[in-house]
Amino acid sequence: MKIGIVEDEAVWRDRVQAAVEKYCRDKNVSSQISSYSNGRELMNSTDVDLLFLDIELAEGEDGFEIAERLMSSENQCKICFLTSHTEMARLGYRVNAFRYIDKRHLEEIDEALDSFLKTKIQDRMFYCNDSSGIRTKIKLNELLLVETNGRKLRYLMLDGSEHLCEGRISETAQSLSQFGFFQIQRSYIVNLKYIEKVNSREVTLCNGLKVAIGRVHSKEFKKAFFKWRMWFDN
């Protein structure tokens, strides 16, 4: 998860970054945090997934105007405005603000991050190469499972379509683990979001497919599945 912070006052920038870092550390969330003192620095940087943006910046910069520029550039990041003047929140409809964070209550950052993860963790693309070397784009929120298929990997989608791609299942499992996927046995990675039933031996996915739980994976799977349900299924 890529997080940006735009705040002209160093003391507030450091406080917001410390709060975000603590959340990610406590929740074991992989993140890349970038801080900026003004909107110009942000616009010249790489895209972020979630942006904490001060409304009133130095040198006449306006947080709403920065948000509008991001929207016009087709940037899809969610914006949490930082402000000491909560009455300005009514203007947020113009840029579809995700949250308003009162600087006097930075503990609100935790709720914003919780909500963002619930709605956005699988809202991204995963890329792999098919047997012809053609790059294939896969929507994670439509991916049911990945399984070995000879020397290839088979990506099975919710609608029953599939993609055969190059890759090793262990490396793919590691790449997908932060997005709610788990290698449940030697040959399968499943999307925790689409598990309907679990018992000591197997899981049942939303399409009725049953997948056995590997003995060596059982303990870690139970931890991962419990963590997923605790965070995202309420």
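Me: What volume does the largest pocket have?
Reply: About 500 Å³. Bear in mind that this is a predicted model.

Me: How many residues line the largest pocket, and which lie nearest its centre?
Reply: The lining has 22 residues, with Asn28, Ser177, Gln178, Gly180 and Lys227 nearest the centre.

Me: Which element gives the largest share of that lining?
Reply: H6, with seven residues. S11 and H6 each supply at least two.

Me: And by class, what is in the lining of the largest pocket?
Reply: There are 12 nonpolar residues, five polar and five charged.

Me: OK, the second largest pocket. What volume?
Reply: About 370 Å³. Its lining has six charged residues, three nonpolar and two polar. Among the lining residues are Lys2, Asp47, Asp49, Lys120, Asp123 and Arg124, along with Val48, Cys77 and Phe116.

Me: Switching to packing. How many residues are in the largest nonpolar core?
Reply: It has 33 residues, and those with the most contacts inside it are Leu143, Tyr155, Ile195, Val203, Leu205 and Phe221.

Me: Which elements give two or more residues to this core?
Reply: On the helix side, H5 (169-176) and H6 (218-232). The strands are S6 (125-129), S8 (143-149), S9 (152-157), S11 (181-185), S12 (188-191) and S14 (202-205).

Me: What does Leu205 touch, leaving out residues up to four places away in sequence?
Reply: Leu205 touches Leu144, Leu145, Val190, Tyr194, Ile195, Glu196 and Val211.

Me: Which residues does the second core include?
Reply: That core is separate and has 21 residues, including Cys24, Phe52, Leu106 and Leu113.

Notes:
Residues are numbered from 1 along each chain as its sequence is written. This is a predicted model: local features need pLDDT of at least 70, side-chain atom pairs count only at pLDDT 80 or more; totals for chains, interfaces and linings use all residues. Side-chain values use heavy atoms; hydrogens and water are left out. A nonpolar core is a set of buried Ala, Val, Leu, Ile, Met, Phe, Trp, Tyr and Cys residues joined through side-chain atoms within 4.5 Å. Buried means under 20% relative accessible area, exposed over 50%, partly exposed in between (1.4 Å probe, protein chains only). Helices (H or I, at least four residues) and strands (E, at least two) are DSSP runs, numbered from the N terminus. Contact means heavy atoms within 4.5 Å. On a 1 Å grid over the protein atoms alone, a cavity is a set of points where a 1.4 Å probe fits but cannot get out, and a pocket is an open set with protein on both sides within 12 Å along at least five of seven lines; lining residues have an atom within 4 Å of a point. Grid points are joined across faces, edges and corners, and a volume is the space filled by probe spheres set on the points. Ala, Val, Leu, Ile, Met, Phe, Trp, Tyr, Cys and Pro count as nonpolar, Asp, Glu, Lys and Arg as charged, and the others, Gly among them, as polar.
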